[in-house]
Every structure is written in C-alpha cells, then in structure tokens.
Amino acid sequence: VQLQASGGGLVQAGGSLRLSCAASGRFLAIAWFRRAPGKEREFVASINWSGSSTNYVGSVKGRFTISRDNAKNTVYLHMDKLKLEDTAVYYCAAAHRDGALTSGSSYAYWGQGTQVTVSS
C-alpha cells in the first residue's frame with residue numbers, strides 16, 4: 001500500500017483547506033494523524049471502508065470532515081475554521097482492518113505527510 005498526501009499549505013486562522021490522500025493497494029480503514037512541532041503524533045480522524053463510520057479527535061469535531069471515494073482510492077480531510085493549533089504535518093495512514101480506528105498502532109501504512117500552517 002502506498003499513500004500520497006497533498007493539499008497542505010499556509011492559511012489564515014478561520015480559513016479552510018482540503019487535504020487529499022491518494023492510495024494504491026488493498027486496505028480497509030484509513031485515517032489522518034498529525035504531528036505539531038515539539039509534540040507527539042495525534043489522531044485526527046478515521047473512516048471505515050464503506051464510509052458509514054467515522055471518528056474524530058475532540059478538538060476537530062464540528063470543524064473537520066473525513067470522507068473517501070473508493071472508486072478513486074482517495075480519502076479527503078476537509079478542514080474548516082482552522083485554528084493556530086491545527087498547525088502540523090498531517091499524515092494519512094491505512095490499515096488492513098476495517099473500522100474507524102483511532103490508534104496509530106492499528107495502521108501499517110503511512111504517507112509522507114503534508115504541512116498545514118495556520119497563521120494569525
């Protein structure tokens with residue numbers, strides 16, 4: 001499984017960005033994680049194969065939306081009302097297990113990351 005994240009950039013606080021993760025190979029669950037400078041990697045959002053189940057970390061609920069297009073093998077993270085604390089490198093990750101999994105250890109495959117910087 002190979003994952004290619006894109007869509008990061010510089011945005012003002014309150015703005016929006018959409019991240020994409022193009023995937024190849026066979027997998028079921030897929031998720032976004034992030035790592036802010038000087039912090040541990042953090043779960044952001046996940047989605048199961050059918051898209052019927054999602055999970056979000058509390059700090060992004062109501063602002064971020066994860067979705068997937070299985071025909072295009074692509075997962076998206078639409079981020080609204082961005083805050084300074086959303087600044088991080090965002091990684092997509094894929095698993096052979098199904099479900100809206102939240103633990104990083106559940107994911108065997110990781111993309112290279114895309115930088116999101118929110119400015120004031």
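What share of the contacts with a separation of 6 or more is accounted for by residues 24 or more positions apart? The share is 59% in this protein. The model is predicted. The protein has 11 strands and 0 helices.

**Overall fold**
- Read along the sequence, the pattern is β-β-β-β-β-β-β-β-β-β-β.
- The radius of gyration is 13 Å, close to the 14 Å that the globule rule gives for 120 residues, so the protein is as compact as a globular protein of that length.
- The C-alpha trace spans about 40 × 25 × 25 Å along its principal axes.

**Strand pairing**
- Strand β3 covers residues 17–24. Its partners include β1 and β8.
- Strand β1 is made of residues 2–6. Strands β1 and β3 pair in the antiparallel sense, over 5 bridges.
- Within this pairing, Q4 has A22 in β3 as its bridge partner.
- Strand β8 takes in residues 74–79. Strands β3 and β8 also run antiparallel, joined by 6 bridges.
- Here L19 stands opposite L77 of β8.

**Inside and surface**
- Of the 120 residues in the protein, 47% are buried.

**Charges**
- The protein carries 13 positive and 7 negative charges.
- How far apart are the mean positions of the positive and negative charges? They are 3 Å apart.

Definitions and conventions: Residues numbered from 1 in each chain as written. Predicted model: local features only at pLDDT ≥ 70, side-chain atom pairs only at ≥ 80, totals over all residues. Heavy atoms only, no water. Helix = DSSP H or I, 4+ residues; strand = E, 2+ residues; numbered from the N terminus. Rg over C-alpha atoms; globule rule 2.2 N^0.38 Å. Buried < 20%, exposed > 50% of the residue type's maximum accessible area, 1.4 Å probe, protein only. Contact = heavy atoms within 4.5 Å. Lys, Arg positive; Asp, Glu negative; His and termini not counted. Charge placed at Lys NZ, Arg CZ, Asp CG, Glu CD. Pairing = 2+ DSSP bridges.
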